[in-house]
Amino acid sequence: MKCVLAALLLAAIASMSRAQSLETAVAPAASGSLTGLADSAVPGSPTGLADSAALRATVFGPAPEALAPVPQRVPLLELEVRVPWRRPLPPIVWFDARLRAWLSPQPGPAPLVVVIAGTGGSGNSSQAGTLRAVLYGAGYHVLTLPSPTFPGFIAAASRTGVAGDLAQDGRDLYDAIAEILAHLPRGMQVTDLDVIGYSLGGANAAFVKAIDARAGRLHVHRAVLINPPVSLFDSVLRLDELFALALGPGDAGVERFYRRLYAALANLYRASDRVSLDEDFLLGAAASVLKTDREFEASIALSFRIDLVNMFFLGDLYTKAGVVIDPRHPPKVGDSLEQIGIELRSKPFSAYLEQIYLPYYLKARPGSTVSSLRAANRLSIIGTALAQGADYYAQTNRDDLILDAEELAWLEHTFGPRIAVYDHGGHLGNLGERRQVGDLLDMLAGRWHGGGN
Amino acid sequence: MILKGSRVAALGLLLLAGCAARPVIVHRLPDATPAADQATALERAHRLMAAEQAARERAREQPPASAPVVTPEEAPSLHTYDPFGRLNRFDYRFNARFDRMVFLPVTHAYQRLPGPIQSGVHNFFANLTEIDSMVNYTLQGRLGRGVRSVGRFVVNSTLGIGGLLDVAAKLALPSRPTGFGTTLAQWGMHPSAYLVIPFYGPSTVREGIGLAGDYGLLYAVNPLDLYQGNASWGLGAANAVDQRAHVPFSYYSTGSPFEYEMIRFLYMRKLLIQDSALHPTPPTSPERPAGE
């Protein structure tokens with residue numbers, strides 16, 4: 001499934017059409033670097049701790065044979081939530097008026113696990129579906145929420161429109177969860193509440209629990225962070241480096257990669273006996289099309305870049321920064337977004353931080369600096385809670401590409417006996433495997449006492 | 001009568017207004033079936049592995065000569081021809097709203113019917129389209145496939161109880177549907193401009209003509225008086241709901257303002273790749289780099 005998504009995502013990144021010249025594409029990233037973020041080196045390699053196997057695991061996910069058992073059927077309710085604090089909705093995102101979440105209620109009283117998706121992910125992503133299935137099978141009510149960086153969340157439930165700030169995103173998530181819990185279907189009895197998240201969602205889950213420790217409205221019991229980042233800024237800047245390394249700066253590399261991918265798919269399809277290019281074909285093709293480490297790196301970097309395009313667009317729209325959207329004439333319903341998409345496709349995370357995030361938060365939080373905001377977006381800002389709170393758990397891999405050695409060591413030191421570190425899996429490449437799921441369930445039940453290697 | 005209509009409209013507006021004011025709207029979706037999905041993934045993985053192994057052995061026995069290939073230079077540009085863009089975007093929004101308010105609720109109700117009923121309905125309509133496939137394979141000059149469609153139609157209409165069961169698939173005659181759009185492609189017609197068809201979805205001018213041709217053929221043949229008789233509207237609706245149930249797509253589930261562009265890109269590249277396989281010898285670019 002993941003490779004189909006990867007293949008589609010690779011294609012989708014190019015969806016905003018027409019290649020831009022390398023010269024114009026590179027310019028925005030290199031110029032106007034007021035904060036020096038674009039040039040600031042991040043520790044370690046652009047692929048963090050990942051080796052070849054980790055890159056492949058990250059793209060393909062676990063082997064079907066290794067998956068944990070799941071139930072035959074899982075009931076599914078789609079919730080459309082109208083949050084009271086939503087900002088006026090720009091007409092161009094009319095379809096995101098309500099926050100969409102997915103609930104799988106047990107027939108009787110049960111604890112509820114809230115699952116928060118990773119960067120740019122919907123509450124109905126394949127990873128959220130995997131977690132939903134195993135948690136429901138273990139007897140939990142399950143509520144899956146999008147990442148606060150998902151465009152549907154930004155438009156429907158963000159107070160700022162500027163995604164990617166752990167504290168602010170945590171508050172928005174916290175209140176959204178409270179809003180949903182206040183309107184659960186009649187008869188649903190919740191005996192306890194845990195919060196988990198994967199990737200960026202892991203960091204979000206930790207912040208939700210930390211906020212609850214002060215606010216006390218939700219009574220969050222346990223939090224489990226699955227493959228969390230340690231420093232948001234460092235992780236995304238590393239992804240910028242990965243993109244530049246695998247594809248080259250700007251848009252020309254995207255065009256080259258797209259053409260190679262297209263030709264490979266077309267040739268495979270010609271050689272097959274199929275009458276339509278279906279999911280089955282794409283699954284088989286992905287293994288043949290992506291071969292080298294560089295190609296896996298490119299597909300990972302591209303999928304993050306797609307998420308960034310949406311975040312950047314909405315951030316620019318809400319803050320009226322005027323980077324790609326004219327604040328006096330924002331796009332209207334029915335307008336083509338093609339040109340804006342082309343411009344955004346070549347913009348790295350550093351450009352988002354410099355042109356949208358930092359100007360907004362430096363103004364919104366008087367006295368803050370680039371360094372203080374950078375520090376505020378590290379897990380260490382709630383490090384004491386993570387280290388001393390017996391109900392925080394984590395799972396990660398020794399070959400996760402969003403971590404470097406120092407960050408992994410920090411996680412191990414901070415969580416101590418409450419972290420499972422697996423040798424292999426890359427970034428989320430072992431999500432849903434028997435061992436990972438077994439440990440997750442033990443952590444949620446408070447009976448996990450080590451065992452990761 | 002007018003008064004009655006306005007009362008219904010007022011009631012509808014009140015209901016909609018009530019919906020808009022509710023803090024949480026709950027939609028009951030068909031149950032997820034993770035165990036079956038996992039079994040499918042496992043079965044698929046084994047099948048793909050076997051196919052890969054077979055391909056490797058074939059390549060060892062008979063190395064591919066200088067088969068014509070599509071080169072990266074021959075890949076279509078990232079740009080998609082969309083002269084009807086504004087109309088298409090309007091249609092896309094219309095389809096999204098129709099899908100959300102009418103099509104999906106009905107489809108979800110259909111998906112809660114017992115599995116054998118759903119597969120029976122699906123097989124029944126799939127069997128009727130074999131008529132279209134027979135004719136179009138013949139028009140495409142792919143007679144072997146045409147004969148396969150005839151075989152499937154005969155077997156499923158008889159042993160398969162009027163098409164309710166896909167017995168032919170179990171007899172190693174899997175479904176290979178085709179249509180007039182593919183015939184036009186085989187004859188050399190370019191897909192032409194991207195077109196979003198109301199109630200239907202992404203298409204192109206050529207595929208739109210193909211769709212009309214497919215329906216026109218079945219209308220003219222009118223098997224069992226299904227396409228011209230009194231029940232034709234009901235059957236058409238059932239067919240549409242069954243088809244929708246087999247498309248795992250939900251409008252704006254990406255939440256992205258760029259969703260229209262993404263879908264357009266994916267649809268057009270899929271169509272172009274399918275088209276490229278219909279023509280045996282596309283030109284090989286002289287600039288093809290070594291090693292590609």
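**View 1. Contacts of Arg378(A) in a predicted model.** Apart from residues up to four places away in sequence, Arg378(A) touches Val230(A) and Ser231(A), contact being defined by C-beta atoms, placed from the backbone, within 7 Å. Arg378(A) is partly exposed, with 19 other C-beta atoms within 10 Å (buried: 20 or more; exposed: 12 or fewer; partly exposed: in between). This is a predicted model in which local features need pLDDT of at least 70 and side-chain atom pairs count only at pLDDT 80 or more, while totals for chains, interfaces and linings use all residues. Residues are numbered from 1 along each chain as its sequence is written, and chains are lettered from A and ligands numbered from 1 in the order in which they are written.

**View 2. The packing of helices H4(B) and H8(B).** H4 (residues 115–140) and H8 (residues 205–221) of chain B pack at about 110°, with axes 10 Å apart (axes are fitted to C-alpha atoms over the stretch in contact; angles run from 0 to 180 degrees between N-to-C directions). H4(B) is therefore roughly perpendicular to H8(B), a term covering 65 to 115 degrees. Helices are DSSP runs of H or I with at least four residues, and strands are runs of E with at least two. Residues of H4(B) in the contact include Leu128(B) and Asp132(B), and those of H8(B) include Asp214(B) and Leu217(B).

**View 3. Strands S2(A) and S4(A).** Three bridges join S2 (residues 99–104) to S4 (residues 141–145) of chain A, and the two run antiparallel; pairing requires at least two DSSP bridges. Leu103(A) stands opposite Leu143(A) in S4(A).

Note on methods: Angles under 35 degrees count as roughly parallel, over 145 as roughly antiparallel, 65 to 115 as roughly perpendicular and the rest as oblique. Two residues are in contact if their C-beta atoms, placed from the backbone, lie within 7 Å.
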